Amino acid sequence: MAEPQERPVISFVAIHGIGRQGRGETAEAVASALKLACLEAEISFDEIEGSTFDGEPEVSARVSSPDGAAAVVNFVDAWWDDKVEPPPTKPILQWMLRITPFITFFTISSWISDLSEFSDTFRLKGLRAAELLAFPFMLVSLILSPVLMIVLVVLNVVSNFRPQAWPRVAELVQSVFGDAWLYRSEELDDFVIPHLRKIVERAKESSDYVILVGHSQGAEIGRRLALTIPVDCCVWVGGADSHLAIARTLRRSPVLPYLLWAYVLISPFLVSLVIYAVVSVTLSFLAEIFETVHLTLEAARVGASALRVADVDPWSFMLRSMADLPWLVAFVIFITVVAIILRKAARPPEDVGKSPDCSVIEVNSLADPVCFGRSSADSFVRYVPVRQGTAVLREHVTYFEKSETGRALLEPVFSLKRLPKPFVPKFGFLTQTVAFLSSCLLIACSYALGNVIFAKLSLFF
């Protein structure tokens, strides 16, 4: 968009996510990230004093590259926090209790999908560490999910009998999860999106180009906004569109939560049976081959037929090695039937899965569960480095502290030739080792559970 002669005006309209947000905070964060990237790319970033938008102070700057490409960038804060009232704690906790199990499973499957796509995109060689990374997370999730459910049950009981017992907990639930709960309702449709549409319309009047920047829930709100009013580009930072789409779909599909609960309760046991069957079939097949080779060598030594030495029917080789195959067939049938039933029961809103008619850039972190799940197959994905140690717990709220986020914001403004190459995450030896050991541990535990279940079922069949 930047041109040497005309200096076009480009407005970044920043949409915040869940939680209590101050007016102007998100626009300032976007400006800060863009400034970091400009310094890194040797692009000048000169702030313009006294800029206003709709009567409010606005961050503006002139950016120009060494070869003369330049533009004026405005950072418009699309603040909507005052348009909704936080809901009561009780319905939020009840909602969290209902959706936590299958949201956890969805997050795991989305991460595996994202990691697999990441491996394919960057053609990682050797051990597929990307997919294996999901196994440690899966182990932690399977352990923590029951603990989280117990905590939610306790909180629900306390909120029923002593609503004012834990005011800080209530405030946290309302501020962090309240907006997500409200997103299920029509309040955002009635109050927030129309308000944001007016802001974008005013930005279009004073700009040559408009770029929507949405963080977390703001990315999903921005996506729906961009479906109703044309913009030039969208940048979703840590977007939560996949999870929020599920929340909206569950709201409109009365039967779906019960079906998902049944699936969540049954699938771990069935998957364990399948893993047991796969391992058993593989080991049986290898054992049969080893035995056949051994008997063949023994027969050659004594000058007899290997089959006569074995004293078995030749067809029993396949039958014995495939004894557990029916469990695999049952699993495939189960998955197919479940997929058909869930598809019939789901009533997603019409806009779910639709993308704006413009370029879309997704800024994601491989350690941020909120952003798991691609917004669109046609979007451009950019990654940020994962924070180290306990700082990773703040991964979702630190995107704008990283210059890699600023690079993604600069891509619509300047040619990629003028910018550093996009960041590509790498997996070290320690990461691969932990991922591999976690995979082995999870498979071993699943095999043990499947063995127990198979033994119990054998008593009845």
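Biologist: Is E42 buried or exposed?

Modeller: Buried means under 20% relative accessible area, exposed over 50%, and partly exposed in between (1.4 Å probe, protein chains only). E42 counts as exposed because its relative accessibility is 62%. This is a predicted model, where local features need pLDDT of at least 70, side-chain atom pairs count only at pLDDT 80 or more, and totals for chains, interfaces and linings use all residues. Residues are numbered from 1 along each chain as its sequence is written, and side-chain values use heavy atoms, without hydrogens and water.

Biologist: What phi does E42 have?

Modeller: Most residues other than glycine have a negative phi. E42 is not a glycine, yet has a positive phi of about 55°. It lies in the loop between α1 (25-40) and β2 (44-47). Helices (H or I, at least four residues) and strands (E, at least two) are DSSP runs, numbered from the N terminus.

Biologist: And S216, buried or exposed?

Modeller: S216 is buried, at 6% relative accessible area. S216 also has a positive phi, about 60°, without being a glycine. Its loop runs between β7 (209-215) and α7 (217-226).

Biologist: At what angle do α2 and α8 cross?

Modeller: Axes are lines fitted to C-alpha atoms, for helices over the stretch in contact, and angles run from 0 to 180 degrees between N-to-C directions. The axes of α2 (residues 89-121) and α8 (residues 241-252) cross at roughly 135° and come within 11 Å. Angles under 35 degrees count as roughly parallel, over 145 as roughly antiparallel, 65 to 115 as roughly perpendicular and the rest as oblique. α2 and α8 are therefore oblique to each other.
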